[in-house]
Amino acid sequence: MDSRGGFTSRIGFILAAAGSAVGLGNIWKFPYETGQNGGAAFLVIYLALTFLLCYPVMVGEIAIGRKAGLDAYGSYNKLGGKRWGYLGLYGIICGIMILSFYNVVAGWAFGYFLEISFSDLLEEQNYGVYFGRYVVDFWDNLIFSLCFMVITAFIVIKGVQKGIERASKIMMPTLFVILVALIIYSITLPNAMDGIRFYLLPDFSEITLETLYSAMGQAFFSLSLGMGALITYGSYVSKNQNVLKSAATITLLDISVAFLAGLLIFPLVFSQGQSPEQGPALVFVVLPGIFQTMGPVLGKIVGGGFFLLLCFAALTSTISLLEVPVAYFVDEKKIPRKISVWTLATLVFILGLPSMLSQGAVGAFSSLSFYQEKSTLDFVSEVFSDISLPLGGCLMTFFIATRWGTHKMSEELSQGNPNYKGSFYEGYINFTIRYICPVLLGIFSLLIIIDKFFGLEQLR
Ligand code: PHE
């Protein structure tokens, strides 16, 4: 019997992988990145990069996982030898570090859900001030993010099929519906059209080098690429599934949710006379305003519902982030799933404490002298996602191009898709993975590292 488990249906895999992709990256990070990077121009670049570069990377990752049928380390090791295994370990470390700060932000969302539903958050006057106060409260943050980690751990213990698949099936569709309903409401508010213009009418003179690599980092983060999450999930996929089609569905779902989140946030930002450039606080400052206008009862229901769904979206992502190192310990070290999960969850939680305390609670964590006086949360998020994920994607495509071979990938991909070989898609995927991705992602990664650590002012 196959004790690793697997997804029971095509839709199960798609929902779980889309659940991994759709999360805080779409609803929290995408709007503030777009707001900070010039609005519509960022959106256009982000979409172009997603279709041209990220889709082939996703197909490649799933193919590696399904072929090898192992965790990220084991998969590279099996297909490429021990040295390539380190690339899997690199992904596992990124996963642990991303989860460490992601869980903190998820804790904020969980706290907002509770405060809106069961307390008087919607009676506040100034949500900017409120958020500032909120994130320095150590005990609240500690308890909320601890809850989040414990829930994640429980689901991951249940394993892929029972826990992950079932959870995603219910949460994803509900999120979609509530987003659309809120958008319809928000675009009727005064000045909403200014927001729509900012979001949808591109001004390409705004584009800088930073816009480009921010869009790249955002696309990788949002699609859960570059660290082996989809290798791990791919390892649970059956051979009769059409990977190309599944990857297309996952990409489209992810983009749609991000796009809708922007369509919700920017009309609100402008109708409330706020700045789109507030960074990570953006959705937490802007969204309560719309719920407040709905009156005390409806506001609590819709606002509480929204943040609850945001928590669900984050949960399907934290599950996938934790599953990556867990699969490694289960597959490679033969450590029982339960022990792996609790050990890793504890480790990740502890690693997240500096990020949690970096929003003003502890000065030393809040302003890092070696990193442009930014917070630890910014540091961990920029180093382990904005920089490391595109770099991971570069190395992954380099692995396929030079070690595993695109012909072997084609063979894998034609299982479940008999017409694949010789098709236009094959040509496109192979060409992108062999030439475009390694080179372009390599250049991007280098530029972002130089810029973040040494400053590339002249290129801005
Ligand atoms: N894609 C997730 C989100 O958008 C975050 C994530 C990144 C999950 C990397 C897994 C791996 O919220």
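1. The structure, which is a predicted model, holds 2 cavities of 30 Å³ or more. Rolling a probe the size of a water molecule over the atoms shows where empty space is left. The points below take the cavities and the ligand in turn.

2. In the largest cavity there is about 130 Å³ of space. Its lining is made up of 15 residues, and those closest to the centre of the cavity are S20, Y102, F221, S224 and L321. Sorted by class, this lining of the largest cavity contains 9 nonpolar and 6 polar residues, with no charged residues.

3. As for where that lining comes from, α1, α5 (82–118) and α13 each supply at least two residues to the largest cavity. The largest share is that of α13, which contributes 3 residues to the lining of the largest cavity.

4. Where does the ligand sit? The ligand is found in the largest cavity, and the elements giving two or more residues to the shell around the ligand are α1 (10–21), α2 (24–36), α9 (209–222) and α13 (296–331).

5. The ligand is surrounded by 14 residues, of which A21, G25, Y102, F221 and S224 are the closest. The shell around the ligand divides into 6 nonpolar and 8 polar residues, and no charged residue belongs to this shell. Y102, F221 and S224 are named among the closest residues to the ligand, and Y102, F221 and S224 are also named among those closest to the centre of the largest cavity.

6. Three distances between N or O atoms of the protein and atoms of the ligand deserve a careful look. In the side chain of Y102, an N or O atom is 2.4 Å from an oxygen atom of the ligand. For F221, a backbone N or O atom lies 2.8 Å from a nitrogen atom of the ligand, while for S222 a backbone N or O atom lies 3.0 Å from a nitrogen atom of the ligand. Taken alone, the ligand would expose 330 Å², and the protein buries 100% of that area.

7. The second largest cavity has about 70 Å³ of space. Lining the second largest cavity are 13 residues, and Y76, L87, G226, M227 and G228 lie nearest its centre. Two or more residues of this lining come from each of α4 (72–80), α5 and α16 (376–404), and α5 gives the most to the lining of the second largest cavity, with 4 residues. By class, the lining of the second largest cavity has 7 nonpolar, 5 polar and 1 charged residues.

Methods. Residues numbered from 1 in each chain as written. Predicted model: local features only at pLDDT ≥ 70, side-chain atom pairs only at ≥ 80, totals over all residues. Heavy atoms only, no water. Near = heavy atom within 4 Å. Polar contact = N/O pair within 3.5 Å; in protein donor to acceptor, adjacent residues only side chain to side chain. Areas by Shrake-Rupley, 256 points an atom, 1.4 Å probe, with all protein chains shown as cover. 1 Å grid on protein atoms, 1.4 Å probe; cavity = no way out; pocket = protein on both sides within 12 Å on 5 of 7 lines; lining within 4 Å. Sits in = over half its atoms within 2 Å of the grid points. Nonpolar A, V, L, I, M, F, W, Y, C, P; charged D, E, K, R; others polar. Points joined across faces, edges and corners; volume = space filled by probe spheres on them.
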